[in-house]
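Me: Please take me through this structure, one question at a time, with the cut-offs stated.

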Amino acid sequence: MDIWKQDYEQLIFLQDRSTLFKAVIAVHHTKLGPALGGCRMMHYGSEEEAALDALRLARGMTYKSALAGIPYGGGKAVLIARPGSSRMRETWFRTLGKQLQKLNGLYITGLDLGSTVQDMDWVREETSYVTDTTGSLGATNELTATMTAYGVFLGIQASLKRVYGSESPHSRVIAVQGLGKVGYKLCRYLSEAGAKLIVADVDPERVRLAAAEFGAAPCDPNAIVSVPCDVFSPCALGGVLNEASIPGLRCAAVAGAANNQLAAEEDGDRLHERGILYAPDYAVNAGGIIVTAAELEGADAAKAKRDTERIYNNLERIFAQAAASGLSTARAADQMTEALLK
Ligand code: NAI
């Protein structure tokens, strides 16, 4: 991919050679409000790879916030980890905070893969343009992950309604890939609603816990994508829906938490051609960003929950528009969101 061909407002490379700090901030869109999106810290093969990851994720945040109806744009920061970088965490996150202060609110950061509440506390000491700090709405009792899971649960209900005419997960077979902060909580919602669970995680302890607590049937992580089920729920990695995996899916619908589930745009069409209902990821997994928006406006958990409930209606609209236009649900969702961005 060519960075110059990507769509964005600003791409900012940050560096401090004395501390080996390297980071990229992608600001995708700010017409609806300041760019909002977490800070990821991980290893990358090159600065270009890190920049492309930030750009892709920032774009996803624009679409997620716009469709969720919150007044924010899309942005993302990535901090390029190196061997031994854990010793540098405090310095690096403080450096990031100082840079965010200079940007004066153009971009607001928060938690993402590889970053922690402690990291956000260090950012907070340098700037107020940060969420998910100790005691914040999102960090308290993992509310961000809980609302994300709740939103996915609603997404599964809306998908079941579309496919079977009844939204009830009772006796439906749901295959959950990934039992982390979101996937495990999703299993709890589903189990309470009477669903039959099939679960997979690369961490066998999580699978053991889910089997004990929810009576979930364990599945090999390599096989979960193609296990027969009513709904497949990807809650681990991006890119799981691709040219290789889609022909093997044996589900009626896909609805999960993972970001960027489609490896390529055409994968939405592939699902459509197979007659599998795809609940677009950014429509389904907006619960977390809704909590962040509530935190920024000083609202409480009840407000975040009410706003998360819009996910069900948004999906109904996407499914209806896709049916009316003959487009895939992925393309229908993009069209609806792009209309909001204009
Ligand atoms: P997490 O890191 O807590 O959990 C991910 C889980 O997936 C871990 O238990 C891990 O062992 C497992 N896993 C990794 N590779 C796997 C594989 N190949 N097969 C099966 N399991 C595998 O992450 P979290 O917070 O639960 O997020 C899950 C997904 O949802 C991520 O893609 C994340 O970007 C997305 N998401 C999370 C939000 C949140 O509020 N935490 C908000 C929106 C999206």
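Me: At what angle do helix 4 and helix 11 pack?
Reply: Helices here are DSSP runs of H or I with at least four residues, and strands are runs of E with at least two, numbered from the N terminus. The model is predicted, with local features needing pLDDT of at least 70 and side-chain atom pairs counting only at pLDDT 80 or more, while totals for chains, interfaces and linings use all residues. Residues are numbered from 1 along each chain as its sequence is written. With axes as lines fitted to C-alpha atoms over the stretch in contact, and angles running from 0 to 180 degrees between N-to-C directions, helix 4 and helix 11 (residues 310-325) have axes 8 Å apart and pack at about 35°.

Me: Which residues of helix 11 make the contact with helix 4?
Reply: Contact requires C-beta atoms, placed from the backbone, within 7 Å. Helix 4 contributes Gly151, Leu154, Gly155, Gln157, Ala158 and Arg162, and helix 11 contributes Ile311, Tyr312, Leu315, Glu316 and Phe319.

Me: Why is one side of strand 9 and of strand 12 left without a neighbour in the sheet?
Reply: Strands pair if DSSP finds at least two bridges between them, and six strands form an open, parallel sheet in the order 9-8-7-10-11-12. Strand 9 (217-218) and strand 12 (277-278) are at the edges, so each has a single partner strand.

Me: Which residue of strand 9 is the bridge partner of Ile198?
Reply: Strand 8 (residues 196-200) runs parallel to strand 9 and is joined to it by two bridges. The partner of Ile198 in strand 9 is Ala217.

Notes
Two residues are in contact if their C-beta atoms, placed from the backbone, lie within 7 Å.
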